[in-house]
Amino acid sequence: MSGLTAARDLHRAGVDVLVVEAADRLGGRAMTETSALGSRVDLGGQWIGHDHHRIKALASELGATEFAMHTRPLPVMVDGSRRLRAAGPSMLAAGLVLVGVEVWSRIAKTQRWNATTVEAWLRRVPGRARRLLEVLAYISWTADLDRFSVHAMAQCIRHQGGLRTMLATAGGAQDSLVAEGIGALIEGLAAELGSRVLPGHRVTAIVRNGEGVTIRTTAGEIRAAKVIVTVPPPLAGRITYDPPLPPNRAALASETYMGSVYKGVAVYPRPFWRDRAGGEFLVLDRPGRAVFDTGAPGGPGHLCVLVGGPEARELDRLDAVERRNAVLGALARYVGPDVLEPASWHEKSWHLDEYVGGGYLALALPGTSAGIPPIGCTPTGDIHWAGSETARDHAGYLEGAIESGTRVAREVIESLSGSQ
């Protein structure tokens, strides 16, 4: 999304541009499939937040249909065979911790907590409340909590608009969706660029000299005046740079990692759960997961399941049927056995994607600083940096990807104008 946005802006400004994509498909952390019932299913980034005006404008421009999430005030909280009460002690304890973290992240200087992991910090929280917070952290950041500092967590909360925005559906970061899927926006951007988009061209090296830049790919070399790198920092580190990157930029690759996340979407002829317990759940038994009702009005019913952190990797040991039963099984008690027999099942383990590495964004290792948001994007000579991680607002979201693409295109145009 970031690279295609930048390329389209440059193309419209009269700049000759190529999009060099390693994978055989376009989209990066966005990926859309068509279900057996004809509906569009997003296996990657999909949500539009209430204040994500850039992606709203893009969807409108490309004729996509935005619709509000079907939601209730609170998800159903499930722990084994138990349904947790909203006013129960575990929920109240977790709620108090979340309120405290929200306030603390806004007003405190948290750098001294950069060596303390979230896992160690959560040990102070008792019993079921700790498990609830652990699952929320896995879903929110996809991090290994023993490799995610309290400081990094606080900066993410501050940078992504606060916990209420991050966790909320209506009025929050999961406010609405696109009926045609985010893939329709990717296709719309790529269509305007036509043959300027080159899939299957993995970049192996970027060589700079006084005459410009040479981009070496698995399909040949490309000469350019400028190059924009939009892949996440850990993957950008797989590219060889000549001359080498300065230490602060090189540190981004060694001091960050991609989170682990599994996403499954079950499709049904109708959303039968809306007459029962609703379609939003937070399940605490392993794997901890969040469930969302993502079906479009008048279309088939969609249940979207997210599993983050090490528990997402645990699912890799199962086959497709076992994974489906593992993530849907706990719901049968509340919405009926039909939930175990979807008409169409779609899944993606993003940490197994060699060209993405995981999701939702690059995470800083404890004790390091290069990957703490907002990540710097000062050009390195004729190399310019973009991607959702570099966004000033909404890093890790599609909105942030568009913001960074727009920003870097403007930066390149100004640079080219200044060199003429």
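Which residue lies over the face of tyrosine 257? Arginine 147 does, at 3.8 Å from the ring centre. This is a predicted model, where local features need pLDDT of at least 70 and side-chain atom pairs count only at pLDDT 80 or more, while totals for chains, interfaces and linings use all residues. Residues are numbered from 1 along each chain as its sequence is written, and side-chain values use heavy atoms, with hydrogens and water left out. Below: charges over rings, ring pairs, annotated sites and cavities.

**Charges over rings**

- To count here, NZ of Lys or CZ of Arg must be within 6 Å of the ring centre and within 35 degrees of the ring normal.

**Aromatic pairs**

- The whole structure has seven aromatic pairs; rings of Phe, Tyr and Trp (its six-membered ring) pair if their centres lie within 6.5 Å, and planes under 30 degrees apart are stacked, over 60 edge-to-face, and the rest tilted.
- One of them joins tryptophan 47 and phenylalanine 292 edge-to-face, at 4.9 Å centre to centre with 65° between the planes.
- Tryptophan 47 sits in the loop between strand S3 (40–42) and helix H2 (53–61), and phenylalanine 292 in strand S17 (residues 289–293), so this pair ties together parts 245 residues apart in sequence. Helices (H or I, at least four residues) and strands (E, at least two) are DSSP runs numbered from the N terminus.
- Tryptophan 47 is buried at 12% relative accessible area, and phenylalanine 292 is buried too, at 10%. Buried means under 20% relative accessible area, exposed over 50%, and partly exposed in between (1.4 Å probe, protein chains only).
- Phenylalanine 281 and tyrosine 334 make a tilted pair, because their ring centres are 6.1 Å apart and their planes are at 50°.
- That pair ties together parts 53 residues apart in sequence, since phenylalanine 281 is in strand S16 (residues 281–283) and tyrosine 334 in helix H13 (residues 332–335). Phenylalanine 281 and tyrosine 334 are both buried.
- Tyr268, Phe272 and Trp273 are linked into a cluster by ring pairs.

- Histidine 159 belongs to helix H6 (residues 150–159) and counts as buried at 15% relative accessibility.
- Leaving out residues up to four places away in sequence, histidine 159 touches Pro373, Pro374, Ala391, Arg392, His394 and Ala395; contact means heavy atoms within 4.5 Å.
- Glutamate 21 is in the loop between strand S1 (19–20) and strand S2 (32–34). Its contacts, neighbours within four places aside, include Leu198, Pro199 and His201.
- Valine 203 is in strand S9 (residues 203–209), and among the residues that valine 203 touches are Val20, Ile215 and Ile239.

**Cavities**

- There are two cavities of 30 Å³ or more. On a 1 Å grid over the protein atoms alone, a cavity is a set of points where a 1.4 Å probe fits but cannot get out, and lining residues have an atom within 4 Å of a point.
- The largest cavity holds about 130 Å³, the volume being the space filled by probe spheres set on points joined across faces, edges and corners.
- Its lining has 14 residues, with Leu98, Leu133, Ala137, Trp141 and Met153 nearest the centre.
- Helix H5 gives the largest share of that lining, five residues.

Technical notes: On a 1 Å grid over the protein atoms alone, a cavity is a set of points where a 1.4 Å probe fits but cannot get out, and a pocket is an open set with protein on both sides within 12 Å along at least five of seven lines; lining residues have an atom within 4 Å of a point.
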